[in-house]
Structures are given as structure tokens and as C-alpha cells.
Amino acid sequence: MGLIISNAWCWLCFSVALLLVTAFIMLRQAKQFYLFDVVVRKFSIIDLQFPASCKEIPELIKGIYALPAPQQLRTLSALRGQLWVDFLFMPALYGSIFLLCIQVANKMTPAGEIFFECLAWLQLIAWLFDAMENSYLLGKIKPDVTPSTKEVHRAYQQMVFSKWILLLTGIVCSFSALLFFWVSGKYEVHSLYYLLVLVGEVLLFGIAMVIINRRKSAEDAAPLA
Amino acid sequence: MPSKTPVKLTVSDFINNHEVVGELAGLKKTFDPASGGKPLIVSDVLDAEGHQYVNLVQKGGGVFGIALVGYTYILEEMGIRFLRLAGTSAGAINTALITVIKNKSDKKSAEVLQAICDLDFFSLVDGHPAARTLIKNFITKKDYIDKAKNKLLLVLAAFALLIAGDVVLVGLSKQFPALYVWTGICFILSGFLSLVIGVGVSYVIDLFKRLKNSGYGINPGDVFYDWIKKLLQENQVTTVSELNRKAAVCPPLQLRVPNESGLGDLKGDVTFIASELVTQNKIQFPAMCSLFRTDIDSLSPAGFIRASMSIPIFFESYMINDIPTEDSRIKAAWKQFFGISQPPSTARFVDGGILSNFPISIFYNSNVQVPRLPSFGIDLDDSKPADKQENAFSWSLTGYFGRMFNTIRNYYDKDFLLKNEVYQRGVGKVDLSSDQYNWLNFFLSDKDKIDMFVLGVKAACEFLRNFNWETYKNDRTDLQIQLKK
């Protein structure tokens, strides 16, 4: 652990790189998310994470199976694929937040240090919840899907909410603290190199997204042969 | 120690209510020859048991439908039965239940009331939990919008203060290191509040996206559909043919006095009104089923009632997909009903009330000179005192749009009643104008439900006391003679 913490910035660069690569793949897969509900329409993974009722997930999955065969296969493969890729995305995401919180904790007063260390370790629980959520959803993707009981649905909802609260709290608190260190000039100069690497990774990700989106738009606009 | 288990509303709570019992006893006494009253005569069409038959149209009005049940309860108790039935929205629900429960000559109110007792009204609001909460608060708390506005302002003010605090504390902590910790806390709180605001905004955007995806309907209406479908099935109605059969079957009828029109053409039927948005037409179910399917039994009768009560925005539209547009029978039906030569492949229905909330005109029969039975109607008057103000300059923006919408949606039926004023005499009005009631209040207390039922009972009693069949019959005959001149 000492090794990780002493090289936290370096590890952060690796985990953010993995996070951006997996996010890129997942965003590409999400473009195939369609279902048939009166008309063919798009959906997002968020619809599966925040169902309004225990019937909503089964209805959404039934909507995928109601699509014409080629689109149905594309959507099912993209959805399953995204859930599997998410297992790679998770260590990158929660690991990045963990490292950020640890970095902030090192510069804090004793009380702040305890708070941020707790926040860092809580990311492991968020990771566990996320993995359970994905397993639950993968189990649901079948033609004869049935609604879960109210208890299971409530447990799923609480797990998803807890996951989001933990990870968003981690991100927001650590970023706010880092911003504070930045404006008050309390940072070490060598960390700026890592910051540049992180900015470079994000820029590369942005450029890749723009290129892919432009190519997709051109394909959509091209007349059918 | 009192039990904490909530006491479930029962049919007895409605019909044994002291006001209901008193009103009914008074009414029976009014028409009891033994007590010096005249016998109640409202129709010339009778069955062997002496029940008098009328046509009945019931107005739409959300949860005010409970008042309709109070009204029909009194009519049934006074020996009145219904030959032809029509209704829109909530009126369509009571119409459907009266049609399918038992036989035409039987009383049905107890079963209808049982269905009401068994139903959790709030379950009909089956949309997203956030939307359910918003609707509930919006309807049940009068100052909800003001309070929500104040809370939003408070959050924004706190955010502005925290940002200002960040700037001030960063400057001060350079000179006063003791403030260092407080500056850090202020930054974290600012970030946290940004998160809360961000999540709130994303959530609102997501809700609007959901609303768009669901065809601009907050509630899917699936719970209602399942509820009404189950009730129809319990009464052996699963297909349109079974619904038509149930509506048509009458006991042997006879005329109190001879009538040149005889009884040959008298048969029961049922009509639910829905508004179709693709072709912009008023649809009468089940009579117009041939517009959508060559085999009418492939449509669900529960769907007609679901279509009729699809309050725009509140409920999702009801759709009929895959209309066989190339089939000559479908084409012929669209041509016949609406003069449309290219039928749509999908029909999208919203509440019939936006076109004809009180469809009494469908009982107009120009072939009958002397009526054999009256057309009764149950009107639900929920216009608030402010809606009745004639000062054209004192309206709010919502009041202005409300009046515009009401003028458009009500005039279709009003025009018929203005031109055929005699039909108005068969209409009883339930006064629901009290601020206590809201037609979209699906969170009614048991007391509210009973109160609405009692209002329906009182309106029916008043109507029957004032209704004069001979005058009605003569006036309608005069109207027919004038029209034929």
C-alpha cells in the first residue's frame, strides 16, 4: 500500500488511462442501445440503473427482444458487452477516486485525513455494489425476464443509490479539496507533470470521440447503396 | 388500545351512510302512493318486473366518477335500469361496469362500489416515483409551488454565499492561517452543493426525456388497464363480441302505453368516447372497431376504456398499432365514418373528454317521433367560483388558458343541448364545485369518497323529484314535429 500511495500520481495516470479507454468502448456500445416500445427508441444504461418500478427493467428488456432481429442482436450484444466492459471500468473508476482521496488526505489536517481516508476506502464498497448491480442486470437479460419481488427491487435501488452517493461524494470532495490546494498554491511542483499527463489523456479521449462521432455522422448521412 | 390496522372502506360505508339512507327513504316516500305520493314514472319501457328503462350518459371527471356511482345507485334503487349506455373517461368506467356486471334488470351498484373499495386510487398514478410525489404534493398542498420556489431560491442563495465565501476565505487565509481549515470546508461544501444542483438538474432533464419517450404521458396507465381488464374478465367479458353481447341482451320489454315505433328496434348498447389524434377524430368504441381491425375480437375491450380515460399529459396515450391499412374492409370503414381514403397505420388516443365529455348527442334518434324512453345524463359540475366570474379582466394566465380550453372542449356537447334543449331536462347535475375537491386528486381520503358518493345521491334525488316524464315526452315530440316541418 505504501508503494501505491507513494506513487499515487503515477498510478492515477494509469487508472485514468484505463478509465478513458473503457469509457470510450462503452460509449461506442451505448450507441446501439435501442428498444421497441410502441416505436423504436433509444435508451441508456441509466434507465436500467434507476427503474421507476420493479416492472420497468423487464419491460425495457422485453422492448429489446421486440426489436427486429438484426437490431435486437446488435443491442443485446452491445448491452451485454457494456456490462462486461464495465467490470474493467470499475477498478479504473473506483481506483482513481481512491487515489484522489488518498492524495488529498495526505495534505489534510488530522480530521480531514480521517475523513478522506474513509472516503477512499468506501470506494471499495461502491465497487462491490457496482459489480453486484452488473451481475443482477446480466442475469435479467433474457427473453422470458420476470419482474423481481418488491424486496429485491428495493435492495437493488438502494445498492445503486448507495453506489452513486459514495462515488459522487468521493469525486466532489476530492476535486473541491484539490481545487482549494490549487487556488491557495499548496501543491508540489512535480505533481504538475502528472497533471499535464492527465490533461493530455483527457484531450486524446476528447479528440477520439470527436473523430468517431464525425465518422458516424458521415455514415448516417451517406445515401444507401 | 385502539388497533393501528387501517379500516378498509366497505360497500356498507357508502350505502348505509346516514345521509344516503335518509335521502333514499325520503325519495321513496315522495313516490309512495301509500304515503300520498305519485308513483315514479320516468319511462314507457318496462320489463316484467316493472323496472323502467332509460338511456344513460355519464360525464367524465377523473375521481369525480364516484359521484356518478352515487347517482346511478339512486336510479337503480328507484327501479330504473339502463338500456343504452355511454360515457367518457370516468363516465366510461362506470358505464363499462354497469354494462358488464350481472344482467340488465339487476342492480349493479354494490359490485361497482366493491370495485371502488378494493382499488387503491393512488396506484393508478403509476408513473415515475418522483412524478408521483410531485403530483401528490401539487394536488394536495395548495401552496406547494410557492414552497418549492422558496426552497429553490434558498439553495441558489446558499450556493452564491458559498462561492463568495470561497473567494473571501482564500484571500483571508493567506494572512490568517487559522482560517485554512474553514477555507477547505467551504470549498468542499461548494463542491457538494454543486453536485446536488447538478444531480437535480440532470434528474429534471431525465424526467423530461422520459416524458418525451413515453409520448408525453406521466403515468403509463398500466395499473388502470389491468384493473379494468380484470373486472371485465370477472364478468365474462374478454372480447369485443362478448362486450357487445352483454350490452345488447335485455329482458323481454313492454310498453306502458302504445307507441307507433313499437319495441322492435329497442336494444341495449354501450359507447365509450375517445379522441384520436392522428386523424383528429372522435371515436365511438366499440361501434367503430372496424376502423382498426378486421377481426374486432383481436382488440381488447379494456383498451377502449383505457383510451377514453387517457387524460393528456397525466396518462400516456393509448395506441392501436399495426392497423391493416391496405385491407379493403379497413379502407371502407375509414371512408364510411370519416371520408378518409388512406387509413393511418397507428391510432393514438387521448381522453374523449377533450372532444365530447358529455356525449348525450349519440342518443339522438330522428326516426322516433314520440319517445319511448328518456335519455338521462349525469353532469359533473366542478367549476370553481373563480371559474364562474364574468369579469373578463381578472383572470390569471392559467385561468385564461383554462377558459379557452374549456370553451373549445365543452362547446361540442353544449351546442347539441342548446339546439335540443329538451334533452337538458333529462340531465341531473352533481355539484362538485367545492374547493375541497379536485378531479385529479387520486389521493382521496375515505371520507372524501363517501362525501362524493353522497353528492351524487343528493343530485339524483333532486333530479327525480323534478323530472316529469309526460312533459319531457311531449316536449321531445314537439321538437321532432318542428324539425320535420
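Reader: How many residues of chain A and chain B are in contact?

Author: In this predicted model, 25 residues of chain A are in contact with 21 residues of chain B, where contact means heavy atoms within 4.5 Å. The area buried between chain A and chain B is about 1,800 Å²; buried area is the accessible area (1.4 Å probe) that two parts lose on being put together, summed over both. Carbon and sulfur atoms give 67% of that area.

Reader: Before we continue, what are the ground rules for the numbering and the values?

Author: Residues are numbered from 1 along each chain as its sequence is written, and chains are lettered from A and ligands numbered from 1 in the order in which they are written. In this predicted model local features need pLDDT of at least 70, side-chain atom pairs count only at pLDDT 80 or more, and totals for chains, interfaces and linings use all residues, while side-chain values use heavy atoms, with hydrogens and water left out.

Reader: Which side chains meet in a salt bridge between chain A and chain B?

Author: Asp226(B) and Lys55(A) do, at 4.0 Å from N to O. A salt bridge is a side-chain nitrogen of Lys or Arg within 4 Å of a carboxyl oxygen of Asp or Glu. The count between the two chains is one salt bridge.

Reader: And which elements of chain A supply the side that touches chain B?

Author: β2 (39–42), α4 (56–65) and α7 (150–183) of chain A each supply at least two residues. Helices (H or I, at least four residues) and strands (E, at least two) are DSSP runs, numbered from the N terminus. The largest share, ten residues, comes from α7(A).

Reader: Let us change topic. Which residues have the most contacts inside the largest nonpolar core?

Author: They are Ile74(B), Phe285(B), Phe292(B), Phe349(B), Phe376(B) and Leu464(B), in a core of 116 residues. A nonpolar core is a set of buried Ala, Val, Leu, Ile, Met, Phe, Trp, Tyr and Cys residues joined through side-chain atoms within 4.5 Å. Buried means under 20% relative accessible area, exposed over 50%, and partly exposed in between (1.4 Å probe, protein chains only). Helix α15 (residues 446–466) of chain B gives the most to this core, with ten residues.

Reader: What does Phe292(B) touch?

Author: Leaving aside residues up to four places away in sequence, its partners include Phe285(B), Ile320(B), Trp334(B) and Phe349(B). A second, separate core of 41 residues includes Ala92(A), Leu100(A), Ile102(A) and Ala126(A).

Reader: Back to charges: how many salt bridges are there over all chains?

Author: A search of the whole structure finds 23. In one of them, the side chains of Lys107(B) and Glu77(B) meet at 3.3 Å, N to O. Lys107(B) lies in the loop between α4 and α5 of chain B and Glu77(B) in helix α3 of chain B, so the pair ties together parts that are 30 residues apart in sequence.

Reader: Is Glu77(B) buried or exposed?

Author: Glu77(B) is buried, with a relative accessible area of 19%, whereas Lys107(B) is partly exposed at 37%.
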